[in-house]
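Biologist: I would like to learn how to read a model like this one. Please take the features one at a time.

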Amino acid sequence: MILIHCPYCDEKRPEIEFANAGQAHVARPLDPSSQSDEEWEAYLFIRANPRGRHHERWRHVHGCGRFFNAVRDTVTDKFETTYKAGEPRR
Amino acid sequence: MSDVLIRNEPVPSTPFIAEGVTISLAAPQNRYSLRARTAQTLETLLNVKVPKKIGATEGGIACLGPDEWLLRAEVSATIPSGAGLPVAITDISDRSICLVVEGPRAAELLMTGCPLNLDNFVVGRATRTIYETVEIIIIRDDEDRFHVEVWRSFAAWLWAAFTAAASH
């Protein structure tokens, strides 16, 4: 079982307590009505699908309940780092 | 209509006794979910010490997350509503029941389905976690005694899983 470091609990916890919540750092446009259909489509649906280093949101759902960001390698499934939501991209 | 409301529990009221471990239903108690941005806000409201570290407990209050606490108290206890303050206080008394797992094999029993290493789980610690597929809150009351808070609808299954594991 993979152990994931929760930046809020500040300890490594078993993977089964966590839920993946998709790509991280996808900012909602501040003024949606100014967006073209293509820009809005890109915001809603278009996601990176890298082979390797990937920024993801995770939630410690069966724990402290908080969302946080993680950098995970999609090939090895190894977590490089995790950090609190709102902190700059690493 | 009956004058007396009969409490209907999802698990047997008689304790299950196996070698080295006893599983029993705890007496009903009041539970409150306390949400606030800071522990200080709750301390001002409740006039008691509120733990600040996730996992810590203090006088019946367990810190479950950075903005979430669980208060367990006597059935007769009342607490202020927090009206006007930036807090959310919710009565969740009947959402869950508490199973008491005690005996020298208590930690071993919980670890049959819980992925945490409870040998490193100090007395007085509390955390939300998972047993097989059921979300539970574990509170280590004593070296050989754990309180397991579980939602009522999952309790019958958890009881069956605990008693089966305890018989092995």
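Biologist: Which domains does the domain assignment of chain B give?

Modeller: First, some ground rules. This is a predicted model, in which local features need pLDDT of at least 70 and side-chain atom pairs count only at pLDDT 80 or more, while totals for chains, interfaces and linings use all residues. Residues are numbered from 1 along each chain as its sequence is written, and chains are lettered from A and ligands numbered from 1 in the order in which they are written. Domain bounds come from an automatic or database domain assignment. For chain B that gives domain 1 (16-27 + 95-167) and domain 2 (30-91). Their centres, taken over C-alpha atoms, are separated by 23 Å.

Biologist: How many residues of domain 1 of chain B are in contact with domain 2 of chain B?

Modeller: Two residues are in contact if their C-beta atoms, placed from the backbone, lie within 7 Å. By that rule, 8 residues of domain 1 of chain B are in contact with 6 residues of domain 2 of chain B. On the domain 1 side, β9 (126-131) and β10 (134-142) of chain B each supply at least two residues. β9(B) gives the most to that side, with 3 residues. By type, the residues of that side divide into 3 nonpolar, 3 polar and 2 charged. Here Ala, Val, Leu, Ile, Met, Phe, Trp, Tyr, Cys and Pro count as nonpolar, Asp, Glu, Lys and Arg as charged, and the others, Gly among them, as polar.

Biologist: Which strands of chain B each supply at least two residues of the side that touches chain A?

Modeller: Begin with the counts: 13 residues of chain B are in contact with 11 residues of chain A. The strands you ask about are β5 (61-65) and β9 of chain B. β9(B) gives the most to this side, with 4 residues. The residues of this side divide into 6 nonpolar, 4 polar and 3 charged.

Biologist: How many helices and strands does the secondary structure of chain B come to?

Modeller: Helices (H or I, at least four residues) and strands (E, at least two) are DSSP runs, numbered from the N terminus. Chain B has 3 helices and 11 strands. Along the sequence they follow the pattern β-β-β-α-β-β-β-β-β-α-β-β-β-α. The radius of gyration of chain B is 17 Å, close to the 15 Å that the globule rule gives for 168 residues, so chain B is as compact as a globular protein of that length. That radius is taken over C-alpha atoms, and the globule rule is 2.2 Å times the number of residues to the power 0.38.

Biologist: Which residues touch the most other members of the largest nonpolar core?

Modeller: In soluble globular proteins, nonpolar side chains tend to be buried together. A nonpolar core is a set of buried Ala, Val, Leu, Ile, Met, Phe, Trp, Tyr and Cys residues joined through C-beta atoms within 7 Å. A residue is buried if 20 or more other C-beta atoms lie within 10 Å of its own, exposed if 12 or fewer, and partly exposed in between, with C-beta atoms placed from the backbone. The largest such core has 50 residues, and B:Trp69, B:Val101 and B:Phe162 touch the most other members. Helix α3 (residues 152-167) of chain B gives the most to this core, with 6 residues. Domain 1 and domain 2 of chain B both give residues to the core, so it lies between them. Leaving aside its neighbours within four places in sequence, B:Phe162 is in contact with B:Ile23, B:Leu99, B:Val101 and B:Leu109.

Biologist: Is B:Phe121 buried or exposed?

Modeller: B:Phe121 is buried, with 21 other C-beta atoms within 10 Å. B:Phe121 lies in the loop between α2 (106-110) and β9 of chain B. Beyond its neighbours within four places in sequence, B:Phe121 is in contact with B:Leu116 and B:Arg140.

Biologist: Where is B:Glu132 found?

Modeller: B:Glu132 is in the loop between β9 and β10 of chain B. B:Glu132 has a positive phi of about 50° although it is not a glycine. With 14 other C-beta atoms within 10 Å, B:Glu132 is partly exposed.
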